[in-house]
Amino acid sequence: MPIVTTLFIPLALQNFLMAYNTSAMNVALSSIVEDLHTTLTGVQSVISLFALVIAAFLITGSKLGARHGYRWAFVLGARIFLLGTLVTAFGPNLAFMLAGWSLLQGVGVALMLPAMLALLTDALTGSSRTKALTTLGTIGGIGAAAGPLLGGLITHYLSWRVSFLMGAAVTAAVLLLMRRTAEPGPRHAPLEQPFDVPGALLSAAGFGLLVVATLLSGRYGLLRARADVEMFGHTLLHRGGLSPVPLLAGAGLAVLVTFAAWERHLITSGKDPLVRLSVLRNPTVRNGALTQAMQYLVPTGALFLVPVFVQTTLGFDALRSGLMLLPTTLGLMLAAWAAGRLIAGRRMTHRTAQIWSFLFMTAGCVLIVATFDPYQRGVFATGLAFAPGLLLVGLGEGMATTVTDLIQSAPPPEEVGDVTGLSRSGAYLGSSLGVALAGAFMTTSLLYSFEAGTDGSTVLPPEQKQLVKETLENHVQITAASDDAVRARLHSQGLPGTSADELVRINARAREHALAVAVTSMAVLSAGGLLAARRLPQARAGRHG
């Protein structure tokens with residue numbers, strides 16, 4: 001059996017599964033919250049930390065593959081991923097999900113993803129490599145787009161845990177298939193040189209601090225702290241003062257600058273660095289990586305927000321949420337197929353495809369915002385009204401699948417690992433920031449809208465308004481809930497019926513406004529991604545053989 005078959009099939013299966021894993025859980029949020037007795041904020045943190053772990057360790061994973069062989073790295077990653085799926089599937093609480101999904105599966109993906117790209121890059125040449133990498137990206141995109149529908153079906157009729165059990169079975173099959181493959185290319189890093197442990201720690205810490213800062217923005221605010229920042233019983237920052245977000249973000253950037261300086265030091269000393277940052281001097285690599293990061297950030301954030309809206313406002317379950325996202329899957333498959341054929345036939349450039357990707361995603365987000373009116377259209381009509389916007393987002397995702405081939409084909413063979421690690425780190429950092437920023441925009445807007453609605457209420461007496469504000473500052477996560485959940489909590493606190501009805505109404509309006517603001521922010525970020533896409537070369541330049 002030719003190498004393209006024996007190698008591509010297991011890589012494609014695992015790539016589909018990794019992409020499916022994250023998106024499938026977006027429609028299972030309510031089921032997970034109920035099953036694990038946790039909060040939406042907690043599950044959002046798990047999703048963000050999963051992408052964070054991948055982003056933090058992708059460079060390290062790529063380097064390990066360059067030193068020990070990419071097949072070795074892929075198999076090791078698959079074994080760790082398999083363990084993580086089982087821990088998550090059988091875990092009784094959020095802590096097990098953090099360990100199994102965020103940590104173990106995250107590390108597994110960080111090892112597998114750069115390895116699969118490098119394996120195909122080393123094994124194939126010319127048009128065969130272009131077709132394989134584009135197809136691999138398309139399959140991953142289909143997995144991400146099909147996740148809501150398939151995950152919704154599984155969650156509705158069985159359990160969200162079955163998705164992880166299915167993942168364990170697929171990964172076990174992939175490991176069996178990989179036993180029939182050999183290492184297709186040479187190692188690109190000398191084993192006699194010591195591994196760059198300081199570089200690995202610095203890169204992980206820098207990326208980690210950036211995403212943690214974004215996660216905390218929803219709780220504490222972007223600049224001014226909305227609540228005291230406490231740790232181990234001590235108040236580190238006081239409410240009304242500086243938020244921890246700029247401090248942590250600044251620290252993350254400082255660590256990454258230190259990381260870059262350390263890598264340059266190793267290179268000038270004749271030692272083996274974790275990654276050669278000089279590859280970013282290549283404009284195709286630099287602008288392609290930035291484009292790819294934005295193409296992960298925007299749809300990840302938007303497709304996190306839409307299920308939140310339909311589940312908390314329209315009362316959709318996992319199955320109906322998944323069915324509603326079907327246009328995204330169809331759009332992705334159509335655009336990926338069309339873009340691949342057009343680029344292969346030299347009737348479209350990679351640059352043009354990426355520009356159209358952002359145009360589609362921007363238009364899709366804007367159109368989604370226009371449908372945030374359930375009280376005008378009704379529940380079912382609002383769900384159907386999302387379809388055009390979701391289709392456009394899917395078309396944008398499909399056009400984006402072609403950028404991987406452009407990036408991977410730019411460097412010489414000895415720099416493939418460096419480029420893969422940097423570009424995929426940026427992509428998953430974008431994915432992590434997408435969920436975190438979406439949640440931060442939503443929570444921040446919701447708080448301000450709720451406070452404004454409370455202040456303007458003619459039903460609530462002054463003492464209840466003050467109580468609501470104090471409660472809101474200390475329990476931010478309860479406001480991102482359905483009307484029934486808010487009503488139940490208010491009832492448990494003994495609020496009278498009239499006041500409770502008023503607060504439920506205020507919360508519903510604030511929630512819709514917050515979700516609209518958050519999706520609009522994704523549209524603005526997508527429009528900003530056009531700047532990176534426009535700087536891509538008109539024609540691909542780099543190695544082709």
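**Exercise 1. Helix 10 and helix 16**

Task: Determine at what angle helix 10 and helix 16 pack in this predicted model, and how the two are oriented to each other.

Solution. Step 1: Locate the elements; helix 10 covers residues 283–312 and helix 16 covers residues 387–400. Step 2: Take the geometry; the two pack at an angle of about 150°, and their axes are 11 Å apart. Step 3: Apply the cut-off, by which angles over 145 degrees count as roughly antiparallel. Helix 10 is therefore roughly antiparallel to helix 16.

**Exercise 2. The residues between helix 10 and helix 16**

Task: State which residues of helix 10 and helix 16 meet, and how they divide by class.

Solution. Step 1: On the side of helix 10, the residues are Gln-295, Pro-299, Leu-303 and Val-306. Step 2: On the side of helix 16, their counterparts are Leu-390, Val-393, Glu-397 and Ala-400. Step 3: Sorted by class, the residues of this contact comprise six nonpolar, one polar and one charged.

**Exercise 3. Helix 4 and helix 5**

Task: Describe the packing of helix 4 (residues 70–90) and helix 5 (residues 94–123).

Solution. Step 1: The angle between helix 4 and helix 5 is about 155°, with the axes 7 Å apart. Step 2: Angles over 145 degrees count as roughly antiparallel, and helix 4 and helix 5 are therefore roughly antiparallel to each other. Step 3: Their crossing is left-handed. Step 4: The contact of helix 4 with helix 5 has 21 nonpolar, seven polar and two charged residues.

**Exercise 4. Aromatic pairs**

Task: Find how many aromatic pairs the whole structure holds, and characterise the pair of Phe-50 and Trp-101 and that of Trp-160 and Phe-164.

Solution. Step 1: The search of the whole structure gives four aromatic pairs. Step 2: Phe-50 and Trp-101 form a tilted pair, 5.8 Å centre to centre with 45° between the planes. Phe-50 belongs to helix 3 (residues 40–68) and Trp-101 to helix 5, so this pair ties together parts that are 51 residues apart in sequence. Both Phe-50 and Trp-101 are buried. Step 3: Trp-160 and Phe-164 form an edge-to-face pair, at 6.0 Å centre to centre and 90° between the planes. Both lie in helix 7 (residues 160–178), four residues apart, about one turn of the helix. Trp-160 and Phe-164 are both buried.

Conventions: Residues numbered from 1 in each chain as written. Predicted model: local features only at pLDDT ≥ 70, side-chain atom pairs only at ≥ 80, totals over all residues. Heavy atoms only, no water. Axes fitted to C-alpha atoms, helices over the stretch in contact; angles between N-to-C directions. Parallel < 35°, antiparallel > 145°, perpendicular 65-115°, else oblique. Left-handed = near helix turned anticlockwise from the far one by under 90°. Nonpolar A, V, L, I, M, F, W, Y, C, P; charged D, E, K, R; others polar. Contact = heavy atoms within 4.5 Å. Phe/Tyr/Trp six-rings, centres within 6.5 Å; stacked < 30°, edge-to-face > 60°. Buried < 20%, exposed > 50% of the residue type's maximum accessible area, 1.4 Å probe, protein only.
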